[in-house]
Amino acid sequence: MFIQRLHPETIEEVKQRTDIYELVSEYVVLRKRGKDFIGLCPFHKEKTPSFTINQAKQMYYCFGCQAGGNAIKFLMELGKTSFTEVIIDLAQRYQIPVKSLDFEQTQELQRKLSLREQIYEVLALTGKFYQYALKQTQGKNALDYLSNYRKLSESTIHNFALGYAPAGWGVLYHHFVENKHYPVKLLEQAGLIKPQKSGDGYYDIFRDRLMIPIHDVMGRIIGFGGRALGENQPKYINSPETELFNKGKTLFALDKAKHGISQKDQAVVVEGYFDAIALHASGINNVVASLGTAFSVEQARLVLRYTDSKQIILNFDADSAGINATERAIGEIAQLAYTGEVQLKILNISDGKDADEYLQVYTSKDYQQLIENAPLWLDWKIQQIIYNRDLKQATDFQQVSQQLVKLLTSITNTDARNYYITYCAEILSLGDSRLIPLRIENLLTHISPTTSNYKQIQLLTSQNQSILSNQRSNFSESSLLEAAEGLLLQIYLHCYEYREFIFDKLEEYNLQFSLSHHRFLWQKILEVSESVNYDLLSTVQDKCLEFPEKIGLISHLFYLSEKNEKDMLRIPQLIQAAIASMEIVLTEKRYRYFLNLWEKTDANMKPKHSTYYYKAFYTEKQKLLLLEKQRQFTISNLL
């Protein structure tokens, strides 16, 4: 649901009505310790409680993983939902009118929220209706199918709220519209009934089917999947698109898998409902299922919210249909995979089995081993390209080479491309190491003719020590900049009396924040600093919460650990060190720039240029020596 901007009055009233202890205690077992409450952190695995709630400040903080914030931030992080979604959910919880900055939009928003709540209600009641029908005589075949064929326990059937839609064209319609007097349009908008083509009455969408509720990430039913029990076709049907349900943007069992995905730092995506259910029943709880469509970018981004490693493992069937589905899924999210936004792996079970069939014979430990051994998607793609090909035959060799070039051309990461060029060259060399340089050159010629030269071949076939050295240097530089800029921002947020001093120093030395997340935070500080002084910290944090893609990189700056608080006793020295460190990074860049120009310039051909570059890099070098003295602290003091 698109909302331009929520009204500040709505946001403020939600903040005032929400108590962080009351909210967090629904998710975490808390016990009193001094003025605070303490419990096990929900954001990382731990045995000793390090997660604290300060009710007076309405803040939480984990000393283990440094997660922290207010009640709104807690729900955003836990549910991986947006600032607006959390505000609306809390407003509905506390019956606070939701207003936007536009009056007409407010009225439309209230209407939509009312409709959504009614749809949630009727879907929840429908789910209970189907569950009840499963236990009746009419649901015996469906229950036998679950218990005997799928071998699901009663607890699993209950946990997934599985049910049965009775045969008959108007059973649900009769129950809700005629008996319970629900509006017929509401059931139609919920995707439960359809009008007859003749225009005379309505009929149930799901009839004589095993019913599988589809929940949103908060655990609310938003639609259903129905499996035919006999020979009816299609075998599976899903709810139509509604105000709540979009199958291309929904994943089955994500509400049950989100914590498992976070704990294991990976998500497994399967094709079918029962693959996901069987895996959860066996104790593998980081599994979701697509809903009959190609695995989409939107679905990928849903699970990526819960994993730091960005690892997704596709486990579709290993038969031809499953291979095609895997290829389509890769095609959908290829751009994310090529750029490294997702670490994609492919798991294919031998003999064409799906996960449910596999677990009928093997254990969950066996399946877990398959997960651990799953190849990266590029390795899987390469194996698919060379499968059943005889590279000793000219035709097969040419076709494989062309497909490999097409694959390699799409890899944008230089390091990854270099690795796979060498790997593919080894495959095409058929075990003859003498042919590898030639194969590399041939691949490079087709991928990018301008890079097909001796130096590039040398780069791919040998270790280049200078590049490794530069990488280490760049890492140190970025670490120093991260520490120095972060330190200045942290002092600015927490220490009112030093704000003007920091601002003046930045202007005096003409320094800007170089890292994008620090520039973002500084911009938010500047936006509110003229109107807010003492409450700058919480005001800026609330501003930043509206940008979930940024907040993760700067959230630690809003809190002070015990070490931070001790460091604040020497603020003037820290500011001096941070300013000097930022200057050092910029000066080093200028130094390397002029040194590089001087080394490349022929003093005999261009004496004036050579002299100018020499003086320039020497000046920067002298400045570096001075700055190192001014900094006073080592890098380790700042990190």
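Within what distance do the axes of helix H13 (residues 320-338) and helix H16 (residues 377-386) come, and at roughly what angle do they cross? The axes come within 11 Å and cross at roughly 135 degrees.

## Basis of the description

This is a predicted model, in which local features need pLDDT of at least 70 and side-chain atom pairs count only at pLDDT 80 or more, while totals for chains, interfaces and linings use all residues. Residues are numbered from 1 along each chain as its sequence is written, and side-chain values use heavy atoms, with hydrogens and water left out.

## Helices H13 and H16

With axes being lines fitted to C-alpha atoms, for helices over the stretch in contact, and angles running from 0 to 180 degrees between N-to-C directions, H13 and H16 are therefore oblique to each other. Oblique covers the angles that remain once those under 35 degrees (roughly parallel), over 145 (roughly antiparallel) and 65 to 115 (roughly perpendicular) are set aside.

H13 passes H16 in a left-handed crossing (the near helix is turned anticlockwise from the far one by less than a right angle; clockwise counts as right-handed). In this contact (heavy atoms within 4.5 Å), Ile323, Thr326, Glu327, Ile330, Ala337 and Tyr338 of H13 meet Trp377, Trp380, Lys381 and Gln384 of H16. The residues of the contact divide into 6 nonpolar, 2 polar and 2 charged, where Ala, Val, Leu, Ile, Met, Phe, Trp, Tyr, Cys and Pro count as nonpolar, Asp, Glu, Lys and Arg as charged, and the others, Gly among them, as polar.

## Helices H3 and H4

H3 and helix H4 (residues 83-93) pack at an angle of about 115 degrees, their axes lying 9 Å apart, and the two helices are therefore roughly perpendicular to each other. H3 passes H4 in a right-handed crossing. On the H3 side Ile72, Leu75 and Met76 meet Phe83, Val86, Ile87 and Leu90 in H4, and the residues of this contact comprise 7 nonpolar, no polar and no charged.

## Helices H17 and H19

The axes of helix H17 (residues 394-409) and helix H19 (residues 436-447) come within 10 Å and cross at roughly 60 degrees, which makes H17 oblique to H19. H17 passes H19 in a right-handed crossing. Here Phe397, Val405, Leu408 and Thr409 in H17 meet Arg439, Leu443, His446 and Ile447 in H19, a contact with 5 nonpolar, 2 polar and 1 charged residues.

## The second largest pocket

The second largest pocket has a volume of about 790 Å³. Of the 26 residues that line this pocket, Asn54, Lys57, Met59, Tyr60 and Tyr559 are the closest to its centre. A pocket is, on a 1 Å grid over the protein atoms alone, an open set of points where a 1.4 Å probe fits, with protein on both sides within 12 Å along at least five of seven lines, and lining residues have an atom within 4 Å of a point; points are joined across faces, edges and corners, and the volume is the space filled by probe spheres set on them.

Strand E3 (51-54), strand E4 (59-62), helix H3 (71-79), helix H24 (536-545) and helix H26 (562-567) each supply at least two residues of the lining, and H24 gives the most, with 4 residues. Helices (H or I, at least four residues) and strands (E, at least two) are DSSP runs, numbered from the N terminus. The lining residues divide into 11 nonpolar, 8 polar and 7 charged.
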